[in-house]
Amino acid sequence: MERNPIFHQTRLRLAAWYTLVMGGILGLSSLGVYSVVAHAYYETIDQGLQSVAKALHKSIEPAWQQPGQLQRLNKEFSLELCVAQTNCLPKTTAIKKSITEAANPVNYYIRLLNRSGKLFASGGMEFDKLPITSELQYWQILTDSSGARYREITLPLYTQKQVSGYLQVARSITDLDQHLAYLRLALVLGLPISMIFVGLSSWWLAGRAMQPVYLSYQQMQQFTADAAHEFRTPLAAMYSTIEAAIKLQQEPKSNGGILDVLKRQNRRLSQLVGDLLLLTRIDQKQLTGEYQSCCLNDLISDLTEELAFLAVETKVNLSKQVQILEKLYVMGNEEQLYRLISNLIANAIQATFSGGKVTVFLEKSELYAMIKIQDTGIGIAVEHQQRIFDRFYRVDRNRSRTSGGSGLGLAIAIAIARAHKGNIHVQSQPGLGSTFTVRLPISS
């Protein structure tokens with residue numbers, strides 16, 4: 001399968017599409033997993049923080065409503081009173097209330113604010129680098145000067161059904177940020193590794209899926225080769241018999257026309273069988289003869305001379321233009337290259353009206369030799385340009401039958417070009433002509 005470019009490219013495309021689709025699915029799944037895990041973490045933290053805050057609020061609010069109880073409140077929760085609004089930093093680094101001891105080693109802090117939002121008392125971990133926000137929202141995320149983040153909840157304190165202060169409880173979410181950072185790293189590193197395994201699996205699965213098709217294709221190729229080979233012997237015998245009958249006929253006027261038709265159709269059928277056999281051998285890489293250095297200058301000169309009679313018959317001007325001075329050589333089979341270029345020139349002549357021109361150019365790029373066959377013929381519509389190299393495909397079926405074409409000329413040409421590690425490109429506009437460009441690697 002790897003030796004056949006059509007199946008190899010198809011397998012590569014299938015594997016690439018499967019990998020892209022699976023990559024998109026994995027990417028969306030990873031994003032969804034990250035979002036769900038992050039949301040679950042935040043929900044868990046918020047629920048715990050809310051439970052701590054409500055428990056503290058339930059204990060603090062009765063004392064808050066009685067100013068004489070503030071000293072007791074200070075001793076109970078180890079709060080540092082900030083009556084003068086100076087030197088208001090806690091002396092302890094952990095809330096001594098039993099409700100927060102269960103949450104260690106997570107860092108909590110408590111802040112009591114008056115009605116105007118000024119700090120009244122504080123306790124818990126040190127938060128000198130953490131600003132006091134003017135907006136007293138229910139939930140907030142604060143960031144200190146070192147970059148650490150905190151999740152804070154603010155609950156109002158009431159005195160005689162009026163807001164007289166605020167309780168703020170917060171905890172550090174550094175542990176959450178670390179967990180999410182590890183999760184992001186795992187997803188970022190895991191996705192490319194997964195894509196590698198998906199790509200390898202896609203390549204293997206594409207090969208397995210295409211194996212039955214490839215086996216059927218091989219059987220069809222083998223049948224074509226066997227049938228073409230078997231047809232050649234009876235066709236040759238038939239041709240010899242017709243030749244002998246023409247020479248021995250006693251009444252040329254009555255039988256000559258019929259025999260000539262049989263001879264012409266026999267030649268056409270023999271050519272078709274030969275073309276099928278050549279295509280099969282190219283597909284199976286069973287062409288005989290080793291590649292050797294071939295001079296394209298001489299090859300083009302010989303072809304323009306040999307096909308000049310066909311151009312004269314159709315009243316088409318056939319010429320060549322060699323754009324380089326030195327000889328240009330490529331590695332290949334000279335007979336096959338001859339067939340490749342002759343097919344393109346013959347097609348150009350047949351597609352050109354009387355009085356038109358067909359010009360063969362030989363050019364050179366850095367790594368490739370370029371042979372251009374340019375005509376002023378009928379041109380090829382855009383919708384046909386991608387299919388003209390398909391086997392038995394004919395743009396104008398009536399014209400092809402009249403001229404004896406079978407739709408294999410361009411298929412043979414591109415098969416030979418690919419066998420020589422080259423390609424064929426076509427540029428055409430209906431009514432303005434066509435240009436076929438053959439690119440072949442230059443021999444070093």
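Q: How many helices and strands are there in the protein?
A: The model is a predicted one, in which local features need pLDDT of at least 70 and side-chain atom pairs count only at pLDDT 80 or more, while totals for chains, interfaces and linings use all residues. Residues are numbered from 1 along each chain as its sequence is written, and side-chain values use heavy atoms, with hydrogens and water left out. Helices (H or I, at least four residues) and strands (E, at least two) are taken as DSSP runs numbered from the N terminus, and on that basis the protein has 11 helices and 13 strands.

Q: Which residue of β13 is the bridge partner of glutamine 427?
A: β12 and strand β13 (residues 433-441) run antiparallel and are joined by seven bridges. Within β13, glutamine 427 has as its bridge partner threonine 435.

Q: Why is β10 described as largely enclosed by the rest of the structure?
A: β10 pairs with β8 in the parallel sense over six bridges, and with β11 in the antiparallel sense over seven bridges. Buried means under 20% relative accessible area, against over 50% for exposed and partly exposed in between (1.4 Å probe, protein chains only). β10 is largely enclosed because, of its eight residues, the number buried is six.

Q: At what angle do helix α8 and helix α11 pack?
A: Axes are lines fitted to C-alpha atoms, for helices over the stretch in contact, and angles run from 0 to 180 degrees between N-to-C directions. The axes of α8 (residues 334-350) and α11 (residues 409-419) are 9 Å apart, and the angle is about 140°.

Q: How do the residues of the contact of α8 with α11 divide into nonpolar, polar and charged?
A: Contact means heavy atoms within 4.5 Å, and the residues making this one include Leu340 and Leu344 of α8 together with Ile412 and Ile416 of α11. Ala, Val, Leu, Ile, Met, Phe, Trp, Tyr, Cys and Pro count as nonpolar, Asp, Glu, Lys and Arg as charged, and the others, Gly among them, as polar. The division is eight nonpolar, four polar and one charged.

Key
Two strands pair if DSSP finds at least two bridges between them.
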